[in-house]
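Subject: Handing over a structure

Hi there,

My notes come after it.

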Amino acid sequence: MGDGIAGPVVGILAHNAFEIIVSHFRKDNKEEYGKSEKIIISKIDNPENPQYHDPTQADLEKALKGKFVSCNVQYRDSKTDALVCNVFVQKPPEGF
């Protein structure tokens, strides 16, 4: 896909999955996205904890809950309807 979405993490669903409220979209996205999306992590980049590997659900909650993330969409999983993404922890946009 190559699309990009971003927003705050509102829930942790598993050791490798979470839900975001989609508040930002790339202008050149080819697909449509809902107001919230389930994300399965393909790769995570967290500058505050760069050695982050194979997290537990509690680890993921500590690292992501309430944080603003951007997601580079790889594809939508047809079985779960979740997006498989490379995830980047960001500072929220100004005024967010």
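Below is what was found, going from the whole chain to single residues.

This is a predicted model, so local features need pLDDT of at least 70 and side-chain atom pairs count only at pLDDT 80 or more, while totals for chains, interfaces and linings use all residues. Residues are numbered from 1 along each chain as its sequence is written, and side-chain values use heavy atoms, with hydrogens and water left out.

**Confidence and overall layout**

The protein chain has a mean pLDDT of 87, and 85% of its residues reach 70 or more; pLDDT is the predictor's confidence in each residue, from 0 to 100. Among the elements, S2 has the highest confidence, at a mean of 96, and S4 the lowest, at 87.

You will find one helix and six strands, in the order β-β-β-β-α-β-β from the N terminus on. These elements are DSSP runs numbered from the N terminus: helices are H or I with at least four residues, strands E with at least two.

Of the 96 residues, 39% count as buried. Buried means under 20% relative accessible area, exposed over 50%, and partly exposed in between (1.4 Å probe, protein chains only). The accessible surface of the chain comes to about 6,000 Å², and 48% of that belongs to carbon and sulfur atoms; the areas come from the Shrake-Rupley method with a 1.4 Å probe, and for residues only the protein chains shown count as cover. Among contacts between residues at least 6 apart in sequence, 54% join residues at least 24 apart, where contact means heavy atoms within 4.5 Å.

**Strand S1 and its partners**

Eight of its 11 residues are buried, which leaves the strand mostly covered. S1 pairs with S2 in the antiparallel sense over four bridges; two strands pair if DSSP finds at least two bridges between them. S1 and S2 form a hairpin with two residues between them. In this pairing Ala 14 has Ala 17 of S2 as its bridge partner, and Gly 11 has Glu 19.

S1 also pairs antiparallel with S5, over five bridges, and two bridges join S1 to S3 (residues 24–25), again running antiparallel. Ile 5 takes part in both pairings: Ile 5 stands opposite Cys 71 in S5 and opposite Phe 25 in S3.

**The nonpolar core**

A nonpolar core here is a set of buried Ala, Val, Leu, Ile, Met, Phe, Trp, Tyr and Cys residues joined through side-chain atoms within 4.5 Å. The largest one has 19 residues, of which Ile 5, Phe 18, Ile 20, Ile 39, Leu 64, Val 69 and Cys 71 touch the most other members. Two or more residues each come from S1 (4–14), S2 (17–21), S4 (36–45), H1 (57–64), S5 (68–76) and S6 (83–90). S6 gives the most, with four residues.

Two of these core residues deserve a look. Leaving out residues up to four places away in sequence, Ile 20 touches a list of residues including Ile 5, Val 9, Val 10, Ile 39, Val 69 and Cys 71. Cys 71 lies in strand S5 and counts as buried because its relative accessibility is 0%.

**Two polar residues to check**

Asn 86 is in strand S6 and counts as buried because its relative accessibility is 17%. The side chains of Asn 86 and Ser 42 are joined by a polar contact of 2.9 Å. Such a contact is a pair of N or O atoms within 3.5 Å; within protein, one must be able to donate a hydrogen and the other to accept it, and residues adjacent in sequence count only if both atoms are side-chain atoms.

Asp 81 sits in the loop between S5 and S6 and is partly exposed, with a relative accessible area of 47%. Asp 81 has a positive phi of about 65° although it is not a glycine. Most residues other than glycine have a negative phi.

Best wishes
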